[in-house]
Amino acid sequence: MDRKKRIMLIVPMLHQGGFERVCVATARLLEPYYDVYIVIFDSRDIAYDISGLKVTDLHMGVKDSVAGKALNLVRRCLAVRRLKRKWKIDIAYSFGPTANMVNVFSGSCAKIWVGIRSYMDMENERKIRLFTRRADKVLCCSKRIEEEIEEKYHCSKAATLYNPLDVAELRARAGEEEPELPWESRGHILVSMGREDDVKGFWHLIKAYAWMQKNVPDAKLLIIGEGGFDEYRMLAEGLGVGDGVYFTGMKKNPFPYLKTACLYVLTSYHEGFPNALIEAMALGIPVIATDCLTGPREILRGNGEEYGILTANMSPEKNMDAALITEEERLLADEMERMLKEEEYHEKYSRAALKRAYDFSNEFYTECIRNWIESDLEHI
């Protein structure tokens, strides 16, 4: 009997984040068909359930110095090469630029798949050129990224693979516990999710919320994600809405908190394919998102329909001045206010959001990736 094909998934860490979640989900979805091995560089702050999965920690975390980073890359590559040979890996699939570098330089006989998980990854043309030259397949999280790789790098190996979503499981997890919130009367709760990172544009969100809250005084803002958010707390205080903004920190199960939302808002000025946006939609939460380069438009304008509200992309220039509210932030506030005040409008986009979420099913993801695996390994 032929042995199962062996798939290696390479990811730097498994802390809370988009491609980390996709890595674990990929392992679970492929397990019934293949022997799947996850390799991580550092096991600190694991935020996902990895029980029953084959996970190997290289214990080679981040180094600060240039020399340390270079040495770390060499050590990681040698370690991964040994594991590819030891386990007789057929395909090695990496998530994000750090893991992609290790994958392409560790070589061996395994097929090399690299994942481009964010449009920000495209800014390093040298790395993208390397990946497109040395990889057997370049998996992109959005069609826009795939098209740019094909046109700019003359690469025919790029393909779009949207992130998987288990709608039923997500909805079940959202009901597992009662979230702890600081408000006795919750009112209208707006939610956004993401770690403390400038690319998420949370200062835009807080300013828009403060502007809107004048007309919707019972509105609250909940930001779910890893980080201290100290400067954002100060901004909220400066805007006079400190009591209405709550930062939960990292939650292994963020979905009970997400479920409290009557509106989800994404203010990133860069995205790949925003998982959190789809997760909110799976709970029937209407969404408003900035029309950044990749992700939101593909999600909210797919199949010729409108599944949520797109607003103008926001400036990447970080501005924590509480006295300065931009026109884009005011327009976002107007959209937020309308969604909270107009019941029929809210219900329309609640139904549309849930409908669209089912287009990103685990089944579709698994079918795509299995077809590619079988095609690549047909002659092995």
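How many helices and how many strands are there in the protein chain? In this predicted model, the chain holds 14 helices and 13 strands. Its radius of gyration is 21 Å, close to the 21 Å that the globule rule gives for 380 residues, so the chain is as compact as a globular protein of that length.

The overall values for the protein chain are listed below.

| Property of the protein chain | Value |
|---|---|
| Span of the C-alpha trace along the principal axes | about 65 × 45 × 45 Å |
| Buried residues | 58% of the 380 residues |
| Accessible surface | about 17000 Å² |
| Share of the accessible surface from carbon and sulfur atoms | 48% |

Contacts within the chain can be described by sequence separation. Among those between residues at least 6 apart in sequence, 67% join residues at least 24 apart.

Turning to the strands, 6 of them form an open sheet with parallel pairing, in the order E10-E9-E8-E11-E12-E13. Strand E10 (245-247) and strand E13 (309-311) stand at the edges; each has a single partner strand, so one side of each is left without a neighbour in the sheet. From one strand to the next, the twist averages 20°. In general, strands of a sheet pair through backbone hydrogen bonds, either parallel or antiparallel.

Note on methods:
Residues are numbered from 1 along each chain as its sequence is written. This is a predicted model: local features need pLDDT of at least 70, side-chain atom pairs count only at pLDDT 80 or more; totals for chains, interfaces and linings use all residues. Side-chain values use heavy atoms; hydrogens and water are left out. Two strands pair if DSSP finds at least two bridges between them. Helices (H or I, at least four residues) and strands (E, at least two) are DSSP runs, numbered from the N terminus. Axes are lines fitted to C-alpha atoms, for helices over the stretch in contact, and angles run from 0 to 180 degrees between N-to-C directions. The radius of gyration is taken over C-alpha atoms; the globule rule is 2.2 Å times the number of residues to the power 0.38. Buried means under 20% relative accessible area, exposed over 50%, partly exposed in between (1.4 Å probe, protein chains only). Contact means heavy atoms within 4.5 Å. Accessible areas come from the Shrake-Rupley method with a 1.4 Å probe; for residues, only the protein chains shown count as cover.
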